[in-house]
Amino acid sequence: MNFLKRYLATLLIILVGLVTLQINRVIASTVEETFIETLYTVTYEEAAEFDKRIEEDYHDFVVKELNQAPNLPLMPVVLVSFESQYMTNLINEQFESLVEADYLEKLLINGDLTRIYVYAYEHQANYSVVDLNMISETLEDDLIKQKWSFTIVEQDTNQKPTNTWELEALFNRSATSNLLTYFKLTQDSPFK
């Protein structure tokens with residue numbers, strides 16, 4: 001009888017472990033899926049709002065700088081770096097729960113998270129993701145490495161498809177924090 005109880009207890013522990021592992025895998029896979037869909041799903045209206053709000057933040061920045069130093073000579077070209085509160089809030093809202101903080105800042109600085117807004121605004125188009133599939137997954141220490149394939153569909157503002165791009169992306173995600181630590185397209189971004 002004791003043998004049967006131990007056997008059933010062991011079997012129950014193994015089953016709970018397998019179910020937990022499978023649930024964690026399903027939840028974790030959605031991190032990469034959510035990241036891709038969030039990054040590459042943008043409407044022209046969202047892009048126009050993005051452009052307007054960044055322009056307003058830039059205008060406020062310039063006015064503030066001129067008020068602080070009114071006697072500066074005007075120059076034909078001025079390169080500045082400024083922090084847009086709108087952009088920071090938007091990026092944090094969309095990606096903070098998916099990407100580790102240090103890497104999120106790097107993606108923001110490199111323009112990886114905002115490039116599609118500029119592209120959608122300039123091309124007056126909407127973008128969406130279809131055919132999203134995980135190709136491979138490996139576990140190395142605390143790092144889950146995945147490769148994904150997906151297609152980005154460009155539609156004009158009348159919802160007529162005008163272009164598609166088949167892409168692949170590499171991801172690293174911390175198994176501990178369940179946050180992304182690396183993202184890279186395996187080919188050049190179509191949004192340059």
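User: Which strands does helix α5 lie across?
Analyst: In this predicted model, helix α5, residues 115-123, lies across β1, β2 and β3. Its direction is at about 155° to β1.

User: And what sits in the loop between α5 and β1?
Analyst: Glutamine 124 lies in that loop. Glutamine 124 has a positive phi of about 45°, although it is not a glycine.

User: How exposed is glutamine 124?
Analyst: Glutamine 124 is partly exposed, with a relative accessible area of 45%.

User: Switching to the sheet: in what order do the strands come?
Analyst: The order is β1-β2-β3-β4, four strands in an open sheet with antiparallel pairing.

User: Which strands stand at the edges?
Analyst: Those are β1 (125-140) and β4 (180-185). Each has a single partner strand, so one side of each is left without a neighbour in the sheet. On average, neighbouring strands of this sheet are turned by 20° against each other, direction ignored.

User: How many bridges are there between β2 and β3?
Analyst: Strand β2 (residues 143-156) and strand β3 (residues 161-174) pair over 13 bridges, in the antiparallel sense.

User: What stands opposite phenylalanine 150?
Analyst: Leucine 167 in β3.

User: Now the loop between β3 and β4. Which residue is found there?
Analyst: Asparagine 178 is found in that loop. The phi of asparagine 178 is near 65°, a positive value in a residue other than glycine.

User: What's the relative accessible area of asparagine 178?
Analyst: Asparagine 178 has 25%, so it is partly exposed.

Notes: Residues are numbered from 1 along each chain as its sequence is written. This is a predicted model: local features need pLDDT of at least 70, side-chain atom pairs count only at pLDDT 80 or more; totals for chains, interfaces and linings use all residues. Side-chain values use heavy atoms; hydrogens and water are left out. Two strands pair if DSSP finds at least two bridges between them. Helices (H or I, at least four residues) and strands (E, at least two) are DSSP runs, numbered from the N terminus. Axes are lines fitted to C-alpha atoms, for helices over the stretch in contact, and angles run from 0 to 180 degrees between N-to-C directions. Contact means heavy atoms within 4.5 Å. Buried means under 20% relative accessible area, exposed over 50%, partly exposed in between (1.4 Å probe, protein chains only).
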